[in-house]
Amino acid sequence: MNLDGVSKHLLICNGKTCMKNGAEEVTETIRGELKNLGLHREIHTTKTLCNGQCKHGPIAVLYPQGTWYKEMNKTKSEELILQLKGERNNNLGSELYYHDGKTFKNHESEL
């Protein structure tokens, strides 16, 4: 696999619980939007098994930013890709964890 030009890696949980909660639709939506917007060479996706956040699934994890997105669905998936393209800058309401340059922080604990 050639990763030349890839600047972001999106891990999409397809573990058992996430699959029950719509992970397949999330995966298809994300990959479809990336292709439609011509971002599939810049943003690589990988389906994973359990990411250990079952109660928040489906989960998507963006690297190198280190942002974990919870409760993803078709609409949030479309918004995420538009945000990554730079066309939107709104809060998805799905950010579970983010990396502050030193460690992971949990948005829920900040509420």
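Student: What is the strand order of the open sheet in this predicted model?

Tutor: The 6 strands run in the order E2-E1-E3-E4-E5-E6, and their pairing is mixed.

Student: What makes E2 and E6 the edge strands?

Tutor: Each of them, E2 and strand E6 (104-106), pairs on one side only.

Student: How does the reach of H2 compare with the expected span?

Tutor: Helix H2 (residues 23-36) has 14 residues and reaches 20 Å from its first C-alpha to its last, close to the 20 Å expected at 1.5 Å a residue. After H2 comes Gly38, with a positive phi near 70°.

Student: Why do we say that the buried residues of H2 line one face?

Tutor: The buried residues are Ala23, Val26, Thr27, Thr29, Ile30 and Leu34. Seen down the axis of H2, they fall within an arc of 165°, so they line one face of the helix. They pack against strand E1 (8-13), helix H1 (16-20), strand E2 (43-48) and helix H3 (74-85).

Student: And which residues are exposed on the other side of H2?

Tutor: There you will find Glu28, Lys35 and Asn36, which are exposed.

Student: Let's turn to H3. Why does Ser77 count as buried?

Tutor: Buried means under 20% relative accessible area. Ser77, a residue of helix H3, has 0% relative accessibility, so it counts as buried.

Student: What does Ser77 contact, leaving aside its neighbours within four places in sequence?

Tutor: Ser77 is in contact with Val26, Thr29, Ile30 and Met72. Of these, Val26, Thr29 and Ile30 are among the buried residues of H2.

Student: Which backbone oxygen lies 2.7 Å from a polar atom of the Ser77 side chain, and what makes that a polar contact?

Tutor: It is the backbone oxygen of Asn73. The cut-off for such a pair is 3.5 Å, and the distance here is 2.7 Å, so the pair meets the distance requirement.

Terms used: Residues are numbered from 1 along each chain as its sequence is written. This is a predicted model: local features need pLDDT of at least 70, side-chain atom pairs count only at pLDDT 80 or more; totals for chains, interfaces and linings use all residues. Side-chain values use heavy atoms; hydrogens and water are left out. Helices (H or I, at least four residues) and strands (E, at least two) are DSSP runs, numbered from the N terminus. The expected span of a helix is 1.5 Å times one less than its number of residues. Buried means under 20% relative accessible area, exposed over 50%, partly exposed in between (1.4 Å probe, protein chains only). The arc is that of the directions from the helix axis to the C-beta atoms. Contact means heavy atoms within 4.5 Å. A polar contact is a pair of N or O atoms within 3.5 Å; within protein, one must be able to donate a hydrogen and the other to accept it, and residues adjacent in sequence count only if both atoms are side-chain atoms. Two strands pair if DSSP finds at least two bridges between them.
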